[in-house]
Amino acid sequence: MIALRLAAKGHLEGATLVARLVTQKRDDRASFLERDYQLTSQVEGWAHFSRDEHTIALKGKAEDLDGDVIMLPPNASSAHRLIRANSRHNSLLITEQCDQLCVMCSQPPKAKHSDMFATFMLACILAPQNAVIGITGGEPMLFKGQLFALLMQVHAERPDLTFHVLTNGQHFEPKDIELLRSPAFNNVLWAIPVYSPEPKNHDRIVGKVGAFEQLLTTFELLSHTSAQIEIRTVVMRSNQAYLAALADFLTTYIPFASQWSIMQMERIGYARMNWGKEFFDTSTDFAPVARALCIANGRGFDARLFNFPLCTVPSAYQKYAVASISDWKCKFENFCEGCGLRNQCGGFFEWYDVETGFEAIRNHEKA
Ligand code: SF4
């Protein structure tokens, strides 16, 4: 697994450090912010980076860290890699608070919140050219004012960046329309989950009465803006029977969505707790997903499969599968060695368990 935190030494006092690590002096926009720490030595597994008289040491290879943006609080023994320059999978966790309680939540909500907007603002400004930055939670829109301000301020300084915001879609209001029409939001893709066209079924899955009704209001409101929308649907036992109806619903009522991501469960958090009840094995019954894909794509929608290892998908549908699992939490099993599909395949989550996972490939390991 790729480390998102690195053992660190040397920042003993003062404010939390937000810095960009560079192995050679650069002369770009970010370097003018005087946030660059330049490589001075690599000794026994520690890379030493300095700015003026201040030196920090990070456990790792300097070349792997070139261009990364880190956050290092004073006296901390580890640094957060906020932005990894060589990754397409950078995301900023705005909060762990949430007003829903989804049965398959991979990051169960916590009561505590730490405001990191100032740090995240700097991290975005220091990010590589044309980076795509994920905004996640919890529910980031619980802090809508700060989030909108972040998106607008970053856009003013870095219009090359784009954002992918995961939100439950419960917090858009009519008064937001004007703002959402401004150019800053042209670079934002809003990823909003809809699990079922049946209000009660959706509400049960997200643990909030009235959530589906609120989504309808949200989509109506967003239809008056040029917001880009991705619909997300995790396939579970409790909604698999509704997938075809959901395809019909989405293509009828939200035709302006840019993409529909049909996703397999990630076995961590509440999803792990509810795995036995909710994991729907699409390797042995792909029919509900196939029907949904046929309806949606047949009507011109861009429906795709996320988190589906290719060998669990019938070959006619493999073209819809995206290698979607973030690099830092993606793994391949021993049986993937020598597989002809390996280069196109997204593999498994780090916490995937062969014994409780896809039945059709369970015996690959033993073959
Ligand atoms: S790489 Fe592994 S998971 Fe992907 S198709 Fe091949 S065997 Fe299946």
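This is a predicted model: local features need pLDDT of at least 70, side-chain atom pairs count only at pLDDT 80 or more; totals for chains, interfaces and linings use all residues.
Which residues are around the ligand? The points below take this up along with the rest of the structure.

1. The ligand site. The residues around the ligand are P309, L310, C311, F332, F335, C336, C339, L341, R342, C345 and F348. By class, the shell has 10 nonpolar residues and one charged residue, with no polar ones.

2. Domain layout. The protein is split into domain 1, residues 5-80, and domain 2, residues 90-364. Their C-alpha centres are 33 Å apart. Nine residues of domain 1 and nine residues of domain 2 make up the contact.

3. The domain interface. The size of an interface is often given as the accessible area lost when the parts come together. Between domain 1 and domain 2 the buried area is about 810 Å², and carbon and sulfur atoms account for 76% of that area. On the domain 1 side, V18, R29 and V69 supply 47% of the area buried against domain 2, more than any other three residues.

4. The largest nonpolar core. This core has 72 residues, and F163, W190 and W260 have the most contacts inside it. Helix α2, residues 117-125, gives the most to this core, with six residues. The core lies between domain 1 and domain 2, because both domains give residues to it.

5. Surroundings of F163. With neighbours within four places in sequence left aside, F163 is in contact with C124, I133, I135, L151, V154, N187, V188 and L189. F163 is also among the residues with the most contacts inside the largest nonpolar core.

6. The second core. A separate core of 23 residues includes M263, F335, C336 and F358. Two of these names return from point 1: F335 and C336 are also among the residues around the ligand.

7. P73. This proline is in the loop between β6 (69-72) and β7 (78-83). P73 has a relative accessible area of 25% and is therefore partly exposed, the cut-off for buried being under 20%. In sequence P73 and A15 are 58 residues apart, while their C-alpha atoms are 6.9 Å apart in space. Not counting residues up to four places away in sequence, P73 touches H11, T16 and S78.

8. The cis peptide. G137 and G138 are joined by a cis peptide bond, with omega about 15°. The loop between β9 (132-136) and α3 (144-157) holds G138.

9. N130. N130 is found in the loop between α2 and β9. With a relative accessible area of 52%, N130 is exposed, since exposed means over 50%.

10. N307. A positive phi of about 70° is found at N307, which is not a glycine either. This residue is in the loop between β14 (303-306) and β15 (321-322). Is N307 buried or exposed? N307 counts as buried, because its relative accessibility is 11% and the limit is under 20%.

How values were computed:
Residues are numbered from 1 along each chain as its sequence is written. Side-chain values use heavy atoms; hydrogens and water are left out. A nonpolar core is a set of buried Ala, Val, Leu, Ile, Met, Phe, Trp, Tyr and Cys residues joined through side-chain atoms within 4.5 Å. Buried means under 20% relative accessible area, exposed over 50%, partly exposed in between (1.4 Å probe, protein chains only). Helices (H or I, at least four residues) and strands (E, at least two) are DSSP runs, numbered from the N terminus. Domain bounds come from an automatic or database domain assignment. Contact means heavy atoms within 4.5 Å. A residue is near a molecule or strand if one of its heavy atoms lies within 4 Å of it. Ala, Val, Leu, Ile, Met, Phe, Trp, Tyr, Cys and Pro count as nonpolar, Asp, Glu, Lys and Arg as charged, and the others, Gly among them, as polar. Buried area is the accessible area (1.4 Å probe) that two parts lose on being put together, summed over both.
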